[in-house]
Every structure is written in structure tokens, then in C-alpha cells.
Amino acid sequence: METFLIKALQLILSLSILVLVHEFGHFIFARLFKVRVEKFYLFFDPWFSLFKFKPKNSDTEYGIGWLPLGGYCKISGMIDESMDKEQMAEPPKPYEFRSKPAGQRLLIMTAGVIFNFLLALFIYSMVLLHWGDTYLPLKNVTYGMEYSETFKNIGFVDGDILLKADTMTLERFNEDCLRKVVESETVTVLRNGKEVQINIPDDMMQRLLRDKEGFAYYRYPLIITRVDSTSAIQAGLKENDRITCVNGINTVVASDVVNELYANKGSTVQIEVMRNGQQMVMNVPVDTVGHLGIAMANPLNIYETVTVKYNFFSSFPAGIRLGVNTLKGYVNDMKYVFTKEGAKSVGGFGAIGSLFPATWNWRLFWERTAFLSIILAFMNILPIPALDGGHVMFLLYEVITRRKPGDKFLEYAQIMGMILLFSLLIFANGNDIVRFFSR
């Protein structure tokens with residue numbers, strides 16, 4: 001329950017920041033062009049609001065709604081989700097959106113997307129400035145990687161060290177590495193000191209989405225960083241011990257140890273450890289779920305990492321590159337959504353919440369928020385009625401043809417867009433529910 005609450009709090013805080021920035025973009029450009037903004041709300045407020053405030057001599061009511069599905073900026077004289085038909089039936093007024101030139105209306109509608117993208121670039125820059133960029137080069141992972149069955153089926157072997165995708169060097173293990181691998185013709189790995197080429201099928205990403213087994217993970221020895229259970233302490237396990245054997249079976253890497261302990265859960269096993277260059281043997285009880293009661297080092301503590309530091313001026317170009325590359329990667333991945341396997345992988349609020357860690361980590365929080373800001377910007381600019389991109393599409397039509405779409409047409413388009421969006425929302429969150437109950 002605590003894990004759920006922490007993730008939920010991070011999700012709500014992150015989305016609140018993104019919604020406020022997005023709607024502020026619309027608000028500030030509307031006010032810049034002297035367009036009246038009637039309401040500025042975080043979350044939606046059908047029937048009632050949790051909080052509202054209208055400053056003296058202001059045309060804008062500010063508030064917080066009770067339905068946390070986004071937010072809105074109600075601009076006078078605009079057909080939006082409020083569907084204010086009475087206002088649109090009256091003659092246009094000078095302060096209304098519809099009375100302004102198409103160029104100004106276009107800037108007002110794109111401002112939310114622009115602000116979200118700029119926010120992502122700023123967050124990435126500040127993350128790099130504060131924490132730098134620490135990563136584990138794949139060439140330093142001397143034990144190689146452990147691969148899913150999906151990748152083993154096409155020729156990968158546990159222990160292979162990733163070198164190249166076609167002619168591109170694979171430097172670090174991340175989403176970009178996966179994209180390069182699945183979209184290449186051949187991947188070069190280092191296996192037992194020799195370079196080996198593996199052919200990649202054209203439908204590799206579809207196979208990955210279908211099997212839901214992931215790509216790979218680091219292989220590394222099990223080195224104890226903390227001994228928690230009384231039985232493990234009494235048996236003689238200590239910090240910095242490296243477990244090399246369980247019940248006479250060599251355990252080269254951590255997963256070997258985990259598998260053997262799980263196979264012997266609820267019993268006592270003979271464990272061999274390497275301590276200060278000496279091999280030691282001890283009998284240690286395994287609990288009923290296959291644990292010894294120890295904490296083990298992660299790959300970043302075992303292998304040599306690289307840290308790139310940035311000053312105030314260098315952090316911005318680096319943050320911009322990171323943001324642009326993230327956007328390119330996300331746009332590239334969108335083509336898989338239109339496959340059968342990709343459609344099943346679409347997720348709603350549950351999938352978004354799973355992006356956040358179970359414990360509060362400010363760096364991860366800001367990185368995930370920047371990523372979601374890019375997603376929000378991209379999704380909003382899609383040419384779908386009811387989204388900013390839909391309004392932009394009709395405005396571009398007006399600029400090109402010098403003919404403004406009729407209010408009735410825009411009204412029906414808005415309704416159809418909202419039906420489509422709600423359908424997608426139900427579908428995505430339905431996928432979350434199916435995945436939850438099929439675990």
C-alpha cells in the first residue's frame with residue numbers, strides 16, 4: 001500500500017506540474033493578445049470545484065477541480081471542451097479568441113505544446129547540472145548481459161557483451177540501445193573473446209512486445225553489501241562476501257545464486273564465499289520465499305562507471321540534445337502502436353504511474369516528469385479534434401485557404417474528438433486492468 005501511495009503521489013505531482021505549465025502557455029499568449037481567459041483550472045470541475053478564486057478586477061477565475069484528469073484554460077470565444085454554445089451564438093466580441101487574426105490564434109493554440117517541450121528541455125538541463133550524467137559503459141560489463149528468451153531464440157547467449165548494432169557502437173544500455181538493436185540487421189557481440197554477429201529479424205520489436213519478456217539485464221557477481229537476518233549473521237555471512245557456490249553448484253553471477261536459493265527455499269544450503277582472497281564454506285538457512293536476508297551490490301557499484309559533469313552553460317546544450325533525442329525516440333516508437341502487439345502494450349494511468357520508483361528519488365522524479373512532458377507535448381499536437389493539434393489543423397486550413405471553418409463544423413468536430421479521446425482513455429486504462437489481473 002505504501003508503494004502504491006508513493007507512486008500515486010509522484011504521478012499526481014508530476015501531472016499537476018505539466019498541466020499547469022501547459023495551460024499557462026495558453027493563458028499567457030491569450031493575455032498577450034488581449035484575449036479574455038474566463039477560467040484557469042487544475043483538474044476538471046464538473047458540478048463543483050475544490051477551490052476557486054477570482055481576483056478583484058480580473059476576468060479570470062482560478063481554481064482546482066475534483067476530477068484529476070488534466071486541467072483547462074477556458075478562453076472566450078473558442079469552441080473547446082466546455083462546449084459553451086450560448087457564448088458562440090452571440091456576435092463576436094473584440095476580446096474573444098474568434099475575433100483575433102489566425103496567426104495570433106495559432107500561437108495561442110501551440111503555446112501549451114511549446115511550453116511543455118521547453119519545460120522538458122529545462123528539466124533535463126537542470127538534472128544534468130545538479131547530478132551530472134553517470135552511466136555504465138557496456139564494454140565495462142565484463143560478465144556481459146543476461147537475455148530474455150525472445151532474444152536467446154534468435155542467437156543471443158547469456159554473457160554476450162553488446163558491441164555494435166550494424167555499424168553503430170553500443171555505448172550504454174538504455175532505450176536508445178534497444179531501438180538500435182531491434183532496428184538493425186545485425187548485432188555484433190563479444191562472446192568468449194571473439195566477435196560474433198547475430199542476425200536480427202525484421203519483426204523483432206513485435207516479438208518483444210508479444211512475449212513481454214524484455215530485452216536484457218546486466219550479469220554481475222553477487223557481492224553482499226548488508227546482512228540483515230539473524231540466521232545469516234549467525235551462519236557467518238559478512239559484508240563484501242562474494243557468493244561463488246551453492247550446494248556444490250558454481251554460481252558465477254547473481255542470478256545463479258537467486259535461482260539456487262529459490263530451488264532450495266525453506267531449507268539450509270551450503271554456501272561458499274570468497275572473502276579477502278580466501279574461500280570459506282558455511283551453512284545458511286533459506287527462508288520460505290528463497291531469501292537469505294542479505295542485500296547485494298548492484299552493477300553500478302561493481303563495474304566502473306563514467307560520470308560527465310556539466311556547468312551552468314554546458315548543461316543547456318546537453319539538456320536540449322537529450323530532450324530532442326528523447327522526442328525522436330518516442331516518435332519513432334509510435335509506429336509500433338499501430339501493430340497488434342503494440343496496441344496491447346498501450347497503457348493508461350497505471351502504466352504511467354509504474355514509470356515512477358517505489359521510493360522517492362528526486363532525480364528519477366524529474367527525469368520521468370521531463371519524459372512525460374515530451375509525451376504530453378507530442379500527443380497534444382496530434383491533429384485530432386479536441387486536442388491542440390486539432391485546433392492547429394483547422395487554423396492552418398484557414399491560413400492556407402483563407403476560409404474559416406463554420407462554428408457548427410468545429411462544434412461537431414470537437415464532439416467527435418472528445419468521443420475518440422474518451423474511447424482511447426477507456427482502452428488504455430482497460431489494458432492496465434487486464435495486465436493487473438493477468439499477473
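**View 1. Glu149, Lys152 and Asp158 are linked in a network of salt bridges.** Here a salt bridge means a side-chain nitrogen of Lys or Arg within 4 Å of a carboxyl oxygen of Asp or Glu. This is a predicted model, where local features need pLDDT of at least 70, side-chain atom pairs count only at pLDDT 80 or more, and totals for chains, interfaces and linings use all residues. Residues are numbered from 1 along each chain as its sequence is written, and side-chain values use heavy atoms, with hydrogens and water left out. Lysine 152 is partly exposed, at 30% relative accessible area (buried is under 20%, exposed over 50%, partly exposed in between, with a 1.4 Å probe and protein chains only). Aspartate 158 is partly exposed too, at 29%.

**View 2. Aspartate 160 and arginine 191 meet in a salt bridge.** The N to O distance is 2.8 Å. Aspartate 160 sits in the loop between α4 (149-152) and β5, and arginine 191 in strand β7, so the pair ties together parts 31 residues apart in sequence. Helices (H or I, at least four residues) and strands (E, at least two) are DSSP runs, numbered from the N terminus. Is aspartate 160 buried or exposed? Aspartate 160 is buried, at 0% relative accessibility, while arginine 191 is partly exposed at 22%.

**View 3. Arginine 275 and aspartate 241 make another salt bridge.** Their side chains meet at 2.7 Å, N to O. Arginine 275 belongs to strand β13 (residues 268-275) and aspartate 241 to the loop between α7 (230-235) and β11 (242-246), so this pair ties together parts 34 residues apart in sequence. Both residues are buried.

**View 4. Four strands make an open sheet in the order β6-β5-β7-β8, with antiparallel pairing.** Two strands pair if DSSP finds at least two bridges between them. At the edges are β6 (168-169) and β8 (194-199), each pairing on one side only. Two bridges join β5 (residues 161-165) to β6, and lysine 164 stands opposite threonine 169 in β6. Six bridges join β7 to β8, with leucine 190 opposite glutamate 195 in β8. The β7-β8 hairpin has two residues between its strands, and asparagine 192 in the turn has a positive phi of about 55°.
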